[in-house]
Amino acid sequence: MSVKLDPIEAEECLRSMVFCADTREQPTGNFHKRMEYLQPNVRETLIAGDYTAKTLLPDGTWFYVPVAVERKMSLTEIAGNLTRERDRFRAEFNRARDHGIRLYILIEQASWEAAYSGAYRSKMKPQSLIASILTWSARYDCSVLLCNRPDTAGKLIRDILHYEMREALDRMVDYGD
């Protein structure tokens with residue numbers, strides 16, 4: 001991106017950041033709990049992932065942070081994505097890569113202990129699930145995060161997108177070196 005900002009403009013952009021939730025995210029009770037932490041927000045059809053962020057640059061164009069969070073409600077859901085829905089899941093990660101978007105996978109109601117013990121509903125064996133998740137992480141250069149509570153998920157999504165946006169805007173600052 002060829003946009004150059006001064007440090008004050010970058011800080012103003014960060015303060016005016018808007019969180020974007022994909023229109024395909026179901027508006028469940030947990031969704032609304034997550035959205036309490038993602039303010040201000042809009043619903044949009046995203047290229048990849050379930051959540052991202054944008055800010056209005058001084059030239060009047062929207063800048064989307066090149067990061068998205070792909071949220072899964074449980075280990076059971078990710079097991080299904082890595083088995084029955086693998087082609088669709090792969091296509092989403094390839095689409096993200098093609099558009100220069102780095103993905104985080106956030107799995108709710110989950111812990112590594114639950115994954116290793118098989119505390120999920122799937123015929124996929126624990127070692128296969130863990131191997132698939134970690135291979136996916138290596139293959140697509142994505143971070144895998146697990147959390148147990150919807151309020152933690154909302155906070156984590158907010159913080160990921162905030163710090164990723166801050167770093168992206170900082171790369172646009174012309175420090176006059």
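Arg158 and Asp159 form a salt bridge in this predicted model. Their closest N and O atoms are 3.1 Å apart. How accessible are the two partners? Arg158 is partly exposed, with a relative accessible area of 27%. Asp159 is also partly exposed, at 31% relative accessibility.

This pair is one of 13 salt bridges that the structure holds. The table lists some of them.

| Salt bridge | N to O distance |
|---|---|
| Arg158 and Asp159 | 3.1 Å |
| Arg24 and Asp22 | 2.7 Å |
| Glu25 and Arg34 | 3.4 Å |

Take Arg24 and Asp22. Is each side buried or exposed? Arg24 counts as exposed because its relative accessibility is 52%, and the cut-off for exposed is over 50%. Asp22 is buried, with a relative accessible area of 1%. Their side chains still meet in a salt bridge.

Now take Glu25 and Arg34. Both of these residues are buried. Which residues join them in a network of salt bridges? Arg71 and Glu108 are linked with Glu25 and Arg34 in this network.

Glu164 sits in helix 7, which covers residues 150–170. Its relative accessibility is 19%, so Glu164 counts as buried; the cut-off for buried is under 20%. The side chain of Glu164 makes a polar contact with the side chain of Tyr104, at 2.6 Å.

Gln39 is placed in a loop. Which backbone atom lies 2.9 Å from the side chain of Gln39? A polar atom of that side chain has the backbone oxygen of Met35 at this distance. Gln39 can also be compared with Ser2: they are 37 residues apart in sequence. In space, their C-alpha atoms are 28 Å apart.

**Surface patches**

Asp6 lies in the segment before helix 1 (7–15). Asp6 is partly exposed, with a relative accessible area of 33%.

Trp62 is partly exposed, with a relative accessible area of 43%.

Definitions and conventions: Residues are numbered from 1 along each chain as its sequence is written. This is a predicted model: local features need pLDDT of at least 70, side-chain atom pairs count only at pLDDT 80 or more; totals for chains, interfaces and linings use all residues. Side-chain values use heavy atoms; hydrogens and water are left out. Helices (H or I, at least four residues) and strands (E, at least two) are DSSP runs, numbered from the N terminus. Buried means under 20% relative accessible area, exposed over 50%, partly exposed in between (1.4 Å probe, protein chains only). A polar contact is a pair of N or O atoms within 3.5 Å; within protein, one must be able to donate a hydrogen and the other to accept it, and residues adjacent in sequence count only if both atoms are side-chain atoms. A salt bridge is a side-chain nitrogen of Lys or Arg within 4 Å of a carboxyl oxygen of Asp or Glu.
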